[in-house]
Amino acid sequence: MNLLVRVLCFSMLTSLWSLAQAEGLTIEITKGSQSAIPIAVVPFAQQGTIGNVKLSDVIDSDLSGSGFFKALAEEDMLTKPSDPERVEFRDWQALGQDYLVIGQVAGNGGSFNIQFHLFNVHNGQLLMGYRLTVGANELRRAAHHISDLIYEKLTGRKGAFNTRIAYVTSVLQGGAKQFMLQVADADGYNPRTIAESPEPIMAPAWSPDGSKIAYVSFHTKRSGIYIQTLATGQRESVASYPGINGAPAFSPDGSRLAMTLSKDGSPDIYVLNLATHGLTRLTSGMSIDTEPTWSPDGSTIVFTSDQGGKPQLYTVPSGGGRATRLTFQGDYNARGRFSADGKSLAMVHGSGGRYRIAAMDMASRTVNVLSDGSLDDSPSFAPNGSMILFAANKGGRSVLSVVSTDGAMQQKLDFQSGSVREPAWAP
Amino acid sequence: MKLNMTGLALAMSAVLLAGCSSTEEEGLTDSAQGTDASTSGYNDGSMSGSQFGSGNGLSSGSAYGSGSNLGPEFSDPNSPLSKQTIYFELDSSQVKQEFVPVVAAHAQYLASHPGQRVILAGHADERGSSEYNIALGEQRAKSVERMIRAQGVGSNQLEVVSYGEEKPAVSGHDESAWQMNRRVEVGYQ
């Protein structure tokens, strides 16, 4: 299934077109940022056999997709230098560029030698020069690593291009639905199915070290929570009580799993100690309490509750205690997810019949709506806090979208067929 | 208990067909079936990796019969028993007046057939968050369950499961589709 798909890049100022190959995946930047920094990534000079991964294209789409950069189209380049001695900075100044990336890649059988340089176009200063050697199937990883280095050098924040995401796809196979839990690179490439079933799979949640995924599966025709180790495929059932077994969330130290169970009546939040198997109940009462998420310091759990009539977010000490309400804006706030620094809380925000992704600044309690759909769900922060991945509805299908946390940039990761939901960005 | 054992046997045969180890799957199926609230959901025995690796898939335990032994009243459009789906208003789990006779008819049938089991499957429309919708679907199924129990039907005849927004009856994205998806399906076993 090696389909040629288009990568469409729109920015508000320019319209760039380029091509890339992926497994039925389209990446579309649906909203660009006006303040994006112009950067030119010149195609790397190639020696030997390289295969079909074009490093500059991967770096281009990483940097453009972050919202912080606007990459120059290859056809607009006057020259394509790969040697630092041959760069004419006036050319790049004339093209309105701020930064320039050049490089070389040499393939010698099993591995690749890559070197690249980053320049400030205005003063000709060399900001960074690197040489790296990678294995045969690691060219995309190497490109993401280069993107991370450039991003961190120019923005001062860690990049998140060499990370992974998990999500659930469903496709019709011979008239019947098949659900697949997949793990892929953060740009949607290299998808790998880790579990599949004709019954629903939901709510993948990463362990803090990225080695395991907890999720809900209905393959027994009832819900159950499972923890699967990615390296071995080994899977363990951790909750299969009567009623709901849902919404697993690892504690920041990985020792406990918060979850929703309705075995004692209405859905409540429980914490399972993964070492002792001891189960602690955190909420009670007749209301719906679900979708627990841990604060990064592990001290509190935020959850969705309709105890006030409509679903809103509440916070409770993770060791037990009194719950207090967090959200008051809009008539529906659900599925909270913290940024890694704990300063921001993403959520599904419903008002006026539209469900969009919003983020609350935890210090000021200000809520900003970030996405522009009407059926947006399942927000998840990038590990560096710069972007939020979520599920959106586009043309009647569920697709993955990414929005920058300032709302300035939005892009869509679209798969050719089926629906893609429940995304979770790996730590 | 007899019914549980039958379900377990069927589930195990499905598991065997899928090439899974029966002893390992037994614990999983057993605790899922368990009606005893004190049953621990924790399965100590880790399953083998090959069982769930890419391509192998999760086996679908077809623990239920087809319900084909039901009487002609279930296919007679003039009988309330022919209606096996109960629809709900947005964000509500209250059984609407028009469906009260339908639920009552199923309750009556179950009360007079104490060996008959049903699964009440709760569903929600796609709006809002998916785990919250699981809870909403369960609330709907539980309101139907309460009405049926009130007519003297035994708890061993009823099982509630919620699929939230995961199994829409209609695939559209507007109110006409959503109203068909906010539902409880009465599934005779």
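Student: Which domains does the domain assignment give for chain A?
Tutor: The assignment gives domain 1 (4-155) and domain 2 (164-425). Such bounds come from an automatic or database domain assignment. This is a predicted model, in which local features need pLDDT of at least 70, side-chain atom pairs count only at pLDDT 80 or more, and totals for chains, interfaces and linings use all residues. Residues are numbered from 1 along each chain as its sequence is written, chains are lettered from A and ligands numbered from 1 in the order in which they are written, and side-chain values use heavy atoms, with hydrogens and water left out.

Student: How far apart do the centres of the two domains lie?
Tutor: The C-alpha centres of domain 1 and domain 2 of chain A lie 33 Å apart.

Student: Which residues have the most contacts inside the largest nonpolar core?
Tutor: They are A:Phe218, A:Ile225, A:Ile227, A:Leu257, A:Met259 and A:Ile388, in a core of 40 residues. A nonpolar core is a set of buried Ala, Val, Leu, Ile, Met, Phe, Trp, Tyr and Cys residues joined through side-chain atoms within 4.5 Å. Buried means under 20% relative accessible area, exposed over 50%, and partly exposed in between, with a 1.4 Å probe and protein chains only. In soluble globular proteins, nonpolar side chains tend to be buried together.

Student: And what does A:Phe218 touch?
Tutor: Not counting residues up to four places away in sequence, A:Phe218 touches A:Glu199, A:Pro200, A:Met202 and A:Ser223, as well as B:Ile134, B:Val161, B:Ser162 and B:Tyr163. Contact here means heavy atoms within 4.5 Å.

Student: Where is A:Leu149?
Tutor: A:Leu149 is in helix H3 (residues 139-155) of chain A. Helices (H or I, at least four residues) and strands (E, at least two) are DSSP runs, numbered from the N terminus. A:Leu149 has a relative accessible area of 16%, so it is buried. Leaving aside neighbours within four places in sequence, A:Leu149 is in contact with A:Phe116, A:Met128 and A:Tyr130. Between A:Leu149 and A:Met128 there are 8.8 Å in space, C-alpha to C-alpha, and they are 21 residues apart in sequence.

Student: Is A:Gln228 buried or exposed, and why?
Tutor: A:Gln228 counts as buried because its relative accessibility is 2%. The residue lies in strand S15 (residues 224-229) of chain A, and its side chain reaches the backbone oxygen of A:Ile194 at 2.8 Å.

Student: Why does A:Pro191 count as partly exposed?
Tutor: A:Pro191 counts as partly exposed because its relative accessibility is 29%. It lies in the loop between strand S11 (176-185) and strand S12 (192-197) of chain A.

Student: What span should helix H5 of chain B have?
Tutor: At 1.5 Å a residue, the 20 residues of H5 (residues 130-149) should span 28 Å, and the end C-alpha atoms are 28 Å apart, which agrees. The expected span is 1.5 Å times one less than the number of residues. In H5(B), 16 of the 20 residues are buried.

Student: Which element of chain B has the lowest mean pLDDT?
Tutor: Helix H2 (residues 22-33) has the lowest (31), while strand S2 (residues 118-123) has the highest (98). pLDDT is the predictor's confidence in each residue, from 0 to 100. Chain B averages 74, and pLDDT stays under 50 over residues 1-57 of chain B.

Notes. Polar contact = N/O pair within 3.5 Å; in protein donor to acceptor, adjacent residues only side chain to side chain.
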